[in-house]
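Thanks for coming, everyone. I have one model to walk through today, and I'll keep it short. Here it is.

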Amino acid sequence: MRHHIELSAGRIDYEDTGGDGPVLVFAHGVPMNETQWRKVVPLLSGYRCILPTLPLGGHRQPMRPGADLTHRGVALLLGELLERLDLTDVTLVLNDWGGGQFLVSEGRAQRVGRMVLVACEAFDNFPPAPAKALAAAARVPGGIWLVVQLMRTRWFRHSPRAYGAMSLRGIPDDVFDDWIAPARRSRAIRRDFAAFAASAPDRATLLAWSERLAAFTGPVLVVWAQDDPLMPRDHGPRLAALYPAGRLVEIADSSTLVPEDQPEQLAEAILEFLEDSA
C-alpha cells in the first residue's frame with residue numbers, strides 16, 4: 001500500500017507491506033522508484049518491507065526549493081524517514097545508489113541493525129564511470145531535459161553502451177516509462193534530478209567518508225554481480241572486508257540491477273543472511 005510522509009525536504013512516497021515481521025527498508029537507483037524491487041519483495045514473506053521513493057529523479061512530487069538533495073542530503077533524508085516512522089533494528093537494502101551508507105559516515109545509523117549492499121556505488125565510484133556524462137549534463141542549463149529525452153529512445157534503454165548496461169535481462173518499457181514519467185512532465189522534478197546528479201563529492205572526500213564505514217559493526221551482506229560494467233569487481237570483496245561483520249556473495253549472470261536479473265538468487269541470499277543474523 002502506498003503512503004506518503006512530509007519530511008524536511010518535502011513529501012516522500014513509500015510502499016509498506018505491513019505486518020509485524022522484521023523491517024527491511026529498500027532504497028533504489030537513479031532515476032528509479034520502488035518498482036525496482038517488484039520481483040524481490042514478494043519472495044520475502046514474513047518481513048515488513050518499506051520502499052521509499054527518494055528524490056533521485058524518479059520521485060513523483062518535487063522537493064522544496066533549496067532542499068539538500070546531495071548524496072549526503074538524501075542519505076540523511078532516508079535517516080529522517082526511519083526516525084519519523086519510528087523504525088528500529090532496520091535492515092537497509094541498497095542497490096545501484098550506494099549513498100545510504102553515508103548514514104554510517106554521518107553517525108546517523110543508530111536505527112540500522114544490518115545492511116544488504118547489492119552491486120552499489122562504493123568508495124570513489126560515485127557516480128560510476130558510464131554515468132559521469134549524466135553528472136556533467138546536470139551542471140548545464142537544460143541538460144537534464146535533454147537526458148530525459150534521450151531516455152525515451154530505445155537505443156538508450158537497451159544499448160550496453162548506455163542504460164542497457166544496468167541489466168542483462170533488460171528493463172521492461174512500461175517500468176522504465178514509469179521511472180522517467182515524473183521528470184518528463186515536471187520542471188521541478190528535473191531541477192531536483194539535476195541537483196542530485198551534480199552533487200557527487202570529490203574523490204578525496206568520498207574516500208574519507210568510506211574510511212568511517214568501519215564504525216558500523218552490525219552484520220553486512222555484500223551481494224556483487226559478476227557481469228557488471230558499472231561497479232568494479234574488486235569493490236565487492238573490498239567492501240565486505242571494510243565492514244567488521246561483512247560477508248560477500250557473488251551472483252553470476254547479472255549486471256548492476258540484480259533485482260531485475262536474478263531476483264530469486266538475491267532473495268535467497270537475503271533470507272539466509274537475515275536468518276543467520278537474527
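D253 sits in the loop between strand 8 (246–251) and helix 10 (258–261). Its phi is positive, about 55 degrees, although D253 is not a glycine. D253 counts as partly exposed because its relative accessible area is 38%. Helices (H or I, at least four residues) and strands (E, at least two) are DSSP runs, numbered from the N terminus.

A word on the source. This is a predicted model, where local features need pLDDT of at least 70, side-chain atom pairs count only at pLDDT 80 or more, and totals for chains, interfaces and linings use all residues. Residues are numbered from 1 along each chain as its sequence is written, and side-chain values use heavy atoms, with hydrogens and water left out.

Back to backbone geometry. D89 also is not a glycine, yet has a positive phi of about 50 degrees. D89 lies in the loop between helix 1 and strand 5 (90–96). Its relative accessible area is 46%, so D89 is partly exposed. Just after helix 1, D86 takes a positive phi of about 55 degrees.

Now the cis peptides. V30 and P31 are joined by a cis bond, with omega about -10 degrees. P31 is in the loop between strand 3 (23–26) and strand 4 (48–53). F126 and P127 are joined by a cis bond too, with omega about -10 degrees. P127 belongs to the loop between strand 6 (112–120) and helix 3.

Next, helix 1, residues 71–84. How far apart are its end C-alpha atoms? They are 20 Å apart, which agrees with the 20 Å that 14 residues should span at 1.5 Å a residue. The expected span is 1.5 Å times one less than the number of residues. Helix 1 is largely enclosed by the rest of the structure, because 11 of its 14 residues are buried. Among them are H71, G73 and E80, along with L76, L77 and L78.

On to helix 6, residues 173–185. Its 13 residues reach 17 Å from first C-alpha to last, close to the 18 Å expected. Where does helix 6 bend? At W179, by about 35 degrees, and a proline, P182, follows within four residues. That bend is the angle between axes fitted to the seven residues ending there and the seven starting there. W179 and P182 are both buried, and so are V175, F176, I180 and A183. The buried residues of helix 6 pack against helix 4 (143–151), helix 5 (154–158) and helix 7 (187–197). Contact here means heavy atoms within 4.5 Å.

The largest pocket has a volume of about 600 Å³. It is lined by 29 residues, and the closest to its centre are P130, A131, L134, F156 and Y163. Helix 3 (132–138), helix 4, helix 5 and helix 7 each give two or more residues to that lining. Helix 3 gives the largest share, 4 residues. By class, the pocket lining has 25 nonpolar, 1 polar and 3 charged residues.

Some terms. On a 1 Å grid over the protein atoms alone, a pocket is an open set of points with protein on both sides within 12 Å along at least five of seven lines. A cavity is a set of points where a 1.4 Å probe fits but cannot get out, and lining residues have an atom within 4 Å of a point. Points are joined across faces, edges and corners, and a volume is the space filled by probe spheres set on them. Ala, Val, Leu, Ile, Met, Phe, Trp, Tyr, Cys and Pro count as nonpolar, Asp, Glu, Lys and Arg as charged, and the others, Gly among them, as polar.

How many cavities of 30 Å³ or more does the whole structure hold? The search finds 1. The largest cavity has a volume of about 40 Å³. Its lining is Q101, F102, A122, F123, F126, S210 and L213. F126, in that lining, is the residue joined to P127 by the cis bond.

Last, two residues near the start. M1 is in the segment before strand 1 (2–7). M1 is exposed, at 68% relative accessible area. Beyond its neighbours within four places in sequence, M1 contacts Y14, E15 and D16. G10 lies in strand 2 (residues 10–16). G10 counts as buried, at 4% relative accessibility. With neighbours within four places again left aside, G10 contacts I5, M63 and R64.

Note on methods: Buried means under 20% relative accessible area, exposed over 50%, partly exposed in between (1.4 Å probe, protein chains only).
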